[in-house]
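These are my notebook entries from a first look through a structure that was new to me.

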Amino acid sequence: MSTKDLSAWNAEFEALDWLESQAGEMISLVERLCDLNSGSTNLVGLERVADILMDEFSGISDTVEKLELDRWNRVDDSGNQTEVKLGHALRFQHQIKAKRKIWLGIHYDTVYGPAHPFQRCHWVDDQILRGPGVADAKGGIVVLLFALRAVTRCLLSNEVGWEVFLNPDEELGSPGASSYFRRCAANFDFGMLFEPALLDGSLAFQRKGSGDFSIVVRGKSAHAGRDFHAGRNAMVRISKLAAKLDELNGKFGDSTLNIGQILGGGPTNVVPDFGMARLNVRVDCPDHQESLVATMRQIAKEINGEDGFSCEIFGEINAPPKVPDFAIGQMRQWVERVGCFAGEKITWANTGGVCDGNKLFAAGLPNLDTLGPKGGEIHSSREFLDVTSLVPRAKLAAGMMLVHGLSPDGLLAST
Ligand SMILES: [Zn+2]
């Protein structure tokens, strides 16, 4: 960055102080969004939240769209594949023909369905707001919205085009949005995602990959008294398989395999002919992704050679590991530099958690994915947001967008 650029940026950065006056507005929008349920499969609730978001983003966007997503191909509790309709994704674009373009995104669904007891926000003290989705990720949506509002007040905003994408299915693993991520990645210079920062405020650097699998074993039912030996007990077989798969833990670096659920069986006088295990696999690198999944499939497949049993395995690693490359290293330096201007020291941590940043990275879009506010205990009834982090994070995000507007060939030109 030249000295001239730097002084221009200094002036622009001061303009971001406008955000200080917006703290109250930001907090009340978080409360408004979080008091409305938008569990991933609550289509009515998602639509209500979507309408508010369309309204809020319309003032700064050239185009506002609701997009249909692919259906979610789910294995139900009987081991059959079913299609589930998902909510709409929202897309807002601004100066999308600009030479330099940023992809901005975060999800607006939450893990809390309408039947969950955690439905409304409440204050713990002046700083801490509890509520469903306050940190993950409606607080992040608000940070993004106000960062963009601040940017549009700056001259440099003329240099930068952007697209905002808000998806309704991230907490399901983004089954509907994944194909969109693959298609859009090539159109942008880099991505910024607004998942909550880690508990201590650190940004995520390296992330594991993740995938959910369902393994279905079918055996043969029989009367437990009259004909026990003619039966093939699928519950016993799936349990043995689960124990064997569990032994894979520790054999593929830091990768893990978690048996989350075993389903099947019924009356005790019937040999059960159906057993299903649902599991989650986290992989620490692409090599282990391949070898662990291949081993798992091989072990499950062996069941097909056994008398009276059959086995099917559904699923894949749908969020590949995010192992930072040169481009992400550059973004890291860049956000640290902007952090200096914003008076925030940026710290980093690796995490086993995954998000859409993994998918975009795999599709070729370098991104930072924890630019949302500080909070914690996400996915629990104690989820909280540190509301004092809303303005600083919006400033940081806005500063990052403006820096991109300064550099003639884009910040990542040296890659
Ligand atoms: Zn989440």
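**Entry 1: N358.** I began with N358, which sits in helix α9, residues 356–362; helices here are DSSP runs of H or I with at least four residues, strands are runs of E with at least two, and both are numbered from the N terminus. N358 is buried at a relative accessible area of 0%, where buried means under 20%, exposed means over 50% and partly exposed lies in between, with a 1.4 Å probe and protein chains only. Setting aside neighbours within four places in sequence, I found N358 in contact with R207, K208, G209, A319, P320, P321 and K322, contact being heavy atoms within 4.5 Å.

**Entry 2: what kind of model this is.** I noted that this is a predicted model, in which local features need pLDDT of at least 70 and side-chain atom pairs count only at pLDDT 80 or more, while totals for chains, interfaces and linings use all residues. Residues are numbered from 1 along each chain as its sequence is written, and side-chain values use heavy atoms, with hydrogens and water left out. The pLDDT, the predictor's confidence in each residue from 0 to 100, averages 94 for the protein, and 96% of the residues score at least 70. Over residues 408–415 pLDDT stays under 50, and the model has 21 contacts beyond four places in sequence for this stretch. Where pLDDT is low, the predicted coordinates should not be read in detail.

Entry 3: I checked helix α2, residues 23–34, whose 12 residues should span 16 Å at 1.5 Å a residue, and its end C-alpha atoms are 17 Å apart, which agrees; the expected span is 1.5 Å times one less than the number of residues. The buried residues of α2 are M26, I27, L29, V30, L33 and C34. Seen down the axis of α2, these buried residues fall within an arc of 160°, so they line one face of the helix; the arc is that of the directions from the helix axis to the C-beta atoms.

I then turned to α3, residues 43–58, which has 16 residues and reaches 22 Å from its first C-alpha to its last, close to the 22 Å expected. Its buried residues include G45, L46, V49 and A50, and among the elements that cover the buried residues of α3 are α2, β1 (63–67) and β4.

**Entry 4: the loop between β7 and α4.** G133 lies in the loop between β7 (128–130) and α4 (138–152), and at 0% relative accessibility G133 counts as buried. Beyond four places in sequence, G133 is in contact with C34, T110, Y112, K138, G139 and E383. G133 and H379 are 246 residues apart in sequence and 8.3 Å apart in space, C-alpha to C-alpha.

V134 is placed in the loop between β7 and α4 and is also buried, at 0%. The contacts of V134 beyond four places in sequence include V30, C34, C121 and L129.

**Entry 5: the zinc ion.** Which atoms of the protein are donors of the zinc ion? I listed D136 (OD), E171 (OE), E171 (OE) and H379 (NE2), lying 1.9 to 2.7 Å from the ion; donors are N, O and S atoms within 2.8 Å of the metal (3.2 Å for Na, K and Ca), and water is not among the atoms, so sites may look incomplete. The donors follow the spacing D-x34-E-x207-H along the chain. E171 lies in the loop between β8 (160–167) and α5 (178–184) and H379 in the loop between β19 (375–376) and β20 (384–386), so this pair ties together parts that are 208 residues apart in sequence. E171 is buried at 19%, whereas H379 is partly exposed at 45%.

**Entry 6: backbone details.** Most residues other than glycine have a negative phi, and most peptide bonds are trans. With that in mind, I noted that the peptide bond from D136 to A137 is cis, with omega near 0°. Q95, in the loop between β4 (89–94) and β5 (100–107), has a positive phi near 45° and is partly exposed at 24%. S174, in the loop between β8 and α5, has a positive phi near 55°, and S174 is buried at 0%.
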